[in-house]
Amino acid sequence: MATAPSAAAVETDVLYEVIHGEIREVAPMGVYETWIASVLIQNLVGERKLGRAVIETLFDFTKTVGAKRRPDLAFVSYQRWPRAKPVPRTEAWDVVPDLAVEVVSPTNAADDVLGKLTEYFQVGVERVWVIYPSQRQIYVYSSPSEVKVVLENDDLTDEDVLPGFRISLRTLFDDTAAAK
């Protein structure tokens, strides 16, 4: 059973995950990575009103993989969490997101990203996007072994999980283009 976060962690607003009962501090996203997540949130939710998108929210996967994980960004459809059902006021959201997004920054270790990716699929996440801002690429995983690489000159779409969603990677990675 997972332990509660320490008082020191809560008092200092330290981000953490809980892996098999052990609290592990996670580095917050940098400013640029947060900006990318914000642009994605605006485009994910937009006019389509398909669900809710959140940044750095803790999800409770303890029943299946013994962990509480904090994707950089997650999308939860109204099919998984009905629109009329309020978002809980709890430490962690007890729902499996449809989409989990990791925005890779210099503080991320490859093993950690791959470990999270595997767990996301074990709990029932439909899609995982791993964003590499430095390379201006997004790896779209449909399973741990099925990946499509979206390059800088391409558009990111995901009709199965987000019908009607489309964003140009140039727009996503270029803050001056996105501001226009």
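Me: Contact means heavy atoms within 4.5 Å; leaving aside neighbours within four places in sequence, which residues is leucine 40 in contact with?

Reply: This is a predicted model, where local features need pLDDT of at least 70, side-chain atom pairs count only at pLDDT 80 or more, and totals for chains, interfaces and linings use all residues. Residues are numbered from 1 along each chain as its sequence is written, and side-chain values use heavy atoms, with hydrogens and water left out. As for leucine 40, its partners are Leu73, Val101, Trp129, Ile131, Phe165, Ile167 and Leu172.

Me: What is the largest nonpolar core made of?

Reply: In soluble globular proteins, nonpolar side chains tend to be buried together. A core here is a set of buried Ala, Val, Leu, Ile, Met, Phe, Trp, Tyr and Cys joined through side-chain atoms within 4.5 Å, buried being under 20% relative accessible area, exposed over 50% and partly exposed in between (1.4 Å probe, protein chains only). The largest one has 26 residues, and Leu40, Trp129, Ile138 and Leu156 have the most contacts inside it. Elements giving it two or more residues include α2 (31-45) and β8 (127-132); helices (H or I, at least four residues) and strands (E, at least two) are DSSP runs, numbered from the N terminus. The largest share, 6 residues, comes from α2. Another core of 22 residues lies apart from it, with Ile19, Trp81, Val95 and Tyr120 among them.

Me: How much of the whole chain is buried?

Reply: Of its 180 residues, 43% count as buried. The chain has 6 helices and 12 strands.

Me: Where does valine 149 lie, and why does it count as partly exposed?

Reply: Valine 149 is in strand β10 (residues 146-150). It counts as partly exposed because its relative accessibility is 34%.

How values were computed
Contact = heavy atoms within 4.5 Å.
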